[in-house]
Amino acid sequence: MKTNRVSLRILAVVIAAGSFFASCKDDEVSLPPIGGFNSADEVAASNLVAYWGLNGDGKEAKSGAMPTKSQNVSYAAGIKGQAAKFAEGYLSYDVIASMSALPSATVSLWANVSNNGSAPSSLFSLTRPNEWAGNVNLMIESGWRKAASDTLVVKGLVVTKVNGNDSWQDSRNEPSKGGVQAAKFGGKLTHFVITWDGTTSMFKVYANGTKISNPEWEARGTTGALNFTGPTKALIGAWGTNISGTPDAWQKPMTGLIDEIRVYNKALSDGDISALYQLESAGR
């Protein structure tokens with residue numbers, strides 16, 4: 001009888017433990033959606049054309065492309081898993097077909113820029129041959145304000161066609177024009193997004209799920225669709241001229257962290273961008 005009592009106790013413990021772990025598993029599965037999505041991968045999934053998780057390598061997940069050139073890059077803790085850590089470094093790719101032409105575009109990523117010199121910081125670019133800036137660019141004007149301690153100036157730059165000519169269009173947070181001062185984003189991983197809508201020619205900049213660009217510079221008139229000059233190649237952390245070997249003195253690769261890069265072929269809505277920020281912040 002003593003043996004039977006011991007066996008029954010062990011069985012009860014096993015059943016209780018099983019119930020506990022099943023309950024934990026149920027809790028994990030039943031996390032409430034954010035913005036209608038269970039994970040960042042669900043946000044505008046059919047419009048996602050490129051994704052870099054940067055978890056220990058530079059692989060672009062949608063195409064399987066690996067960097068063809070790299071400089072001074074290692075990996076450290078990021079917002080989800082690991083992030084690419086640059087010390088005046090970059091990751092450069094050959095042509096990825098899905099990004100050779102985009103009528104509209106969204107670039108979303110996390111970055112912590114720590115270079116504080118006179119140079120701006122290029123976070124992501126779809127390059128143009130023999131140009132320092134690409135067809136689509138997301139950058140930090142860290143030459144204007146120190147990246148780690150001061151107010152950040154976050155800027156998007158795209159190239160469109162106006163009256164048959166290339167037209168460089170930019171949008172950024174300019175407080176004197178009604179934009180949001182992006183204070184206290186320096187020195188930590190921050191979610192940055194730019195969107196270009198080829199139908200309305202609206203160009204917006206976001207940080208941590210909130211629009212920060214000033215309205216006056218968001219409306220770009222009748223410039224319309226993006227005008228890609230090819231071959232265009234994805235470049236993380238540097239300017240096109242850093243790869244071609246002809247950079248000006250101020251065109252330096254970045255120092256800092258970049259993580260979770262997503263490129264879409266549409267301009268995401270405010271709600272989608274907020275959800276993307278919250279989901280990735282939660283590791284989802």
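Mentor: Start with a definition. A residue is buried when its relative accessible area is under 20%, exposed when over 50%, and partly exposed in between. This is a predicted model.

Trainee: What share of the chain's residues count as buried?

Mentor: Of the 284 residues, 48% count as buried.

Trainee: How many helices and strands does the chain have?

Mentor: The secondary structure comes to four helices and 13 strands.

Trainee: How do I read sequence separation in the contacts?

Mentor: Take the contacts between residues at least 6 apart in sequence. In this chain, 67% of them join residues at least 24 apart. Ser-274 and Thr-210 are 64 residues apart in sequence, yet their C-alpha atoms are 6.8 Å apart.

Trainee: Where does Ser-274 lie, and is Ser-274 buried or partly exposed?

Mentor: Ser-274 lies in helix H4, residues 270-281. Its relative accessible area is 23%, so Ser-274 is partly exposed: buried would require a value under 20%.

Trainee: Now a loop residue. Where is Thr-223?

Mentor: Thr-223 sits in the loop between helix H2 (215-218) and strand S12 (234-236). Its relative accessible area is 9%, so Thr-223 is buried.

Trainee: Which residues is Thr-223 in contact with, leaving aside neighbours within four places in sequence?

Mentor: They are Thr-160, Lys-161, Val-162, Gln-169, Trp-196 and Ser-201. Look also at the polar side chain. A polar atom of the Thr-223 side chain lies 3.4 Å from the backbone oxygen of Arg-220.

Trainee: How do I read a strand? Take S1.

Mentor: Check cover, then pairing. Strand S1 spans residues 48-52, and five of its five residues are buried. S1 runs antiparallel to strand S13 (residues 254-264), joined to S13 by four bridges.

Trainee: Which residue in S13 is the bridge partner of Trp-52?

Mentor: The partner of Trp-52 is Ile-261.

Trainee: And pockets? What is the volume of the largest pocket?

Mentor: Its volume is about 280 Å³. The lining has 17 residues, and the closest to the pocket centre are Thr-127, Lys-233, Gly-240, Ile-243 and Ser-244.

Trainee: Which element gives the most to that lining?

Mentor: Helix H3 does, with three residues. H3 covers 240-244, and both H3 and S12 supply at least two lining residues each.

Trainee: How many residues of each class are in the lining?

Mentor: The lining of the largest pocket has six nonpolar, six polar and five charged residues.

Key:
Residues are numbered from 1 along each chain as its sequence is written. This is a predicted model: local features need pLDDT of at least 70, side-chain atom pairs count only at pLDDT 80 or more; totals for chains, interfaces and linings use all residues. Side-chain values use heavy atoms; hydrogens and water are left out. Buried means under 20% relative accessible area, exposed over 50%, partly exposed in between (1.4 Å probe, protein chains only). A polar contact is a pair of N or O atoms within 3.5 Å; within protein, one must be able to donate a hydrogen and the other to accept it, and residues adjacent in sequence count only if both atoms are side-chain atoms. Contact means heavy atoms within 4.5 Å. Two strands pair if DSSP finds at least two bridges between them. On a 1 Å grid over the protein atoms alone, a cavity is a set of points where a 1.4 Å probe fits but cannot get out, and a pocket is an open set with protein on both sides within 12 Å along at least five of seven lines; lining residues have an atom within 4 Å of a point. Grid points are joined across faces, edges and corners, and a volume is the space filled by probe spheres set on the points. Ala, Val, Leu, Ile, Met, Phe, Trp, Tyr, Cys and Pro count as nonpolar, Asp, Glu, Lys and Arg as charged, and the others, Gly among them, as polar.
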